[in-house]
Amino acid sequence: PEAGDYQFDWLERSIETLHSAGLEVILGTPTATPPAWLMRNNPDMLGVDEHGQVREFGSRRHYCFSSEPYRRECERIVTELAKKFGEHPAVTAWQTDNEYGCHSTSVSYSASALAAFQQWCSKQYNGIEALNIAWGNVFWSMEYNTFSEIGVPVGTVTEANPAHRLAFWRFSSEQIKSFNALQVAILREHSPGRDIVHNFMGNFVEFDHFDVADDLDVASWDNYPLGFLTRDGHDPIDQKTYFRTGHPDSSSFHHDLYRACGKGRMWLMEQQPGPVNWAPYNPAPLPGMVRLWGWEAFAHGAEVVSYFRYRQAPFAQEQMHAGLCLPDGREDDAAVEVKVLSEEIKLFADFDTNAQPASVALVFDYAGDQAARIQQPDGQNYDPLVFTQSVYSAVRQLGVSVDIVPTSAELDHYQLIILANCSVSDTNLATKLQTVLTTTNAHVVMFPRTGSKTSECAIPDQLPPGAFQSLIDIKVTRVETLPRTIQMTTDDHCAVVDWRERVEANFQAEDRFEDGWGFHYRRGAVSYINACPDRPSLLKLLAKGLSSASIPHINLGAGLRIAIRGELTMAFNYGPDDVMLSDKVLAHFGYKNNAGFVLGQKTLHVSDISAWKT
C-alpha cells in the first residue's frame, strides 16, 4: 500500500487455501497495475499516447516500457514475490505481467521512450548519415544532423516517414522483450523449475510475439471468440452466422500461432465462459460452445485451459464480464459445461495424443504484418492479419491441418509452404525455401505483397517480390487497391478484392483478368498469387495448391472443422446448421467402419463435437 510496506498475508492465506484444496497455482506478477503511490513518486513512468495525452492512473497498463525508474520498481516487487512464494509447493508456474500491449500500450511516446529510441537508433546505424540514407531522409528534407534530433513518428503534419515508423515499431517491440526478460531472469533465479508464461491476446500484432516468447517456457493466450468476432469481424455475413459461436477458424488460428510461439507448448490462460464486457456487442455463447472451445483447445495442443473468470466480480470495470459462477457464488451456465468437459477428458487418458507435424506450414512474420500496415496506398480494406487468417481458414475448410511457423523455422518436412504476410524481403528465408525446393518435393505459394518492402520499408531495388525472385522470376510493376464495391474477375471465374498487382514475367500467367493483367503466376513448384481472392476463389486456388503438393483434402463446408491429435480425431460444428458426418468425410479422416465414436455421433448439432480413434 505504501513504499516499503509489504503486506503479503492475504496472498499467503489465498495460496494456502488453494493448496489445501489440492489446487496448483499460477502466480502472476502485478506489474500491469502499478499503485497510486508509485505513480506519485515516479510520475515519469506513465505512458503517453499518440495525441500527447498522459495515460493517467485509474485503470491499468498506465506505464511506459521505457521508464527505467519503473523497471527498477518492477525488479523490486517481482524479486520480493519470488523470494516469498517461489519455493511454495503450490506454485507450479508464473505469469509475467498481463496482456502486454493491451489498450494500445505497446507503444509510448513519452520522454523516456524518445530518449531510449534515440539511443536504439545510434546502436542500429553506423552514424547519422547511415540512418539518413537507410530511411531515405533526403525526401522532403527530413535529414538529421545528430541522433538527438530524431523524434517519435507521431504528430507530423501528414504521414510520417514509413522507415521511421517501422524502426519505432521494432524498437517498441524490443522494449517489451527486454521488460519481460527482466522479470523472467528474477523468477528463474528464485523459483527454479517452474514454467514461466505470458498471456498474449487474440488478433494482436503490435509487437513480435515470437521474439518475446523466446524467453518463456510456454506461450499462453486469452481466447474470447465472441468478443473477437463482434469487435474485429470484417464480414457482416460471418458476424450474423457465427454470432453465438465465434468464427470457426478464429480460435484454432491462435492456438496454432501461439503453439509456435511457445516452441510447441501452448496454454489458454483466459477462456471466455459467457458474455464479456468490452466488445461492441456481447452475446451469450450458444449452449455447448464453452465445452466445444475447451475441446478444440486441447485438440490443437493446449496443455492447460483456464477460465476467466471463476466468479463474476460485482464491482469496477469488469463487473459485466461473466464467470463460471455468478457474483453471489452460484454456478452459471458455463460451470456445468466445464464439469462435463473435465469428466470427458478422463476418457482419453489412454490415447496417444502426441502431435504430428502438419503437411502445410503457414509462415507468419510480425514485422511483415507491420510493414504492410504502415504504407498501403489507400487500401483501407486490406488488413494483412485478416487476409492471413482467411488463407489459414481456407486450408482448414479443406480439411487440412496447418502449422503456423516463424520465418526462422525449419521447413524441409512440409509439403506445402504458404507466405501470406511476409511483406519484408528476407534473403535468409528465400535461401532456405530455395534449398527446400531443391532437396524435397515441397511446393510454395506466395500471396500479394510478399517481399514488397525492404527491412527499412522501401521498395526493393529489384522490385517486389524482392529476394523471393530467386524462387520465381517475376517483377511486380504496379499495384492498385480496390473498394469493396468493386471486384475484378478472371477468365477462370476467380474474383479478387482489395488488392491487385500487375506482374512482369517471361512466361504466361495461369489466368487473366478482363483488362489483360495476368493472374496467378506459376513456375514449377512455386506459385505467386498476385491479388487477394475472395473466399470461393481462395478455396479453389488452395485446393489446386494442395493437389500439386499431393496433400489429400476435402471441402468440409462453412462451419465444420476437423482437428487431429495423435490417434484422436475430433469434429467441431460451428454451424449454422446441424451436420451429418458423411461416410466420405469419415473415411477421409481414418474412421473405420463400425468402429464407433469415442465421443458424440455422426450427426453433430450446432456447438456439438464428435471424436473417434483414427
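This is a predicted model: local features need pLDDT of at least 70, side-chain atom pairs count only at pLDDT 80 or more; totals for chains, interfaces and linings use all residues.
Let me begin with the helices, where α4, covering residues 111–124, packs against α6, covering residues 162–190, at an angle of about 105° and with the two axes 10 Å apart. Since angles of 65 to 115 degrees are counted as roughly perpendicular, that is how α4 stands to α6. If you look at the contact itself, α4 contributes Ala113, Ala116, Phe117 and Trp120, and these meet a set of residues in α6 that includes Phe168, Phe171, Arg170 and Glu174. Taken over both helices, the residues of this contact comprise seven nonpolar, two polar and two charged.

Now to the sheet, which is open and built from six strands in the order β8-β7-β9-β10-β17-β16, with mixed pairing. Which strands stand at the edges? They are β8, at 402–405, and β16, at 521–523, and because each has a single partner strand, one side of each is left without a neighbour in the sheet. From one strand to the next, the twist averages 15°.

Within this sheet, β10 (residues 443–446) and β17 (residues 526–528) run parallel and are joined by three bridges, and Val445 has Ser527 in β17 as its bridge partner.

Finally, two helices deserve a mention here: α15, residues 427–439, packs on the sheet and touches β7, β9, β10 and β17, its direction making about 160° with that of β9, while α16, residues 535–548, lies across β7, β9, β10 and β16 and runs at about 145° to β9.

Technical notes:
Residues are numbered from 1 along each chain as its sequence is written. Side-chain values use heavy atoms; hydrogens and water are left out. Axes are lines fitted to C-alpha atoms, for helices over the stretch in contact, and angles run from 0 to 180 degrees between N-to-C directions. Helices (H or I, at least four residues) and strands (E, at least two) are DSSP runs, numbered from the N terminus. Angles under 35 degrees count as roughly parallel, over 145 as roughly antiparallel, 65 to 115 as roughly perpendicular and the rest as oblique. Contact means heavy atoms within 4.5 Å. Ala, Val, Leu, Ile, Met, Phe, Trp, Tyr, Cys and Pro count as nonpolar, Asp, Glu, Lys and Arg as charged, and the others, Gly among them, as polar. Two strands pair if DSSP finds at least two bridges between them.
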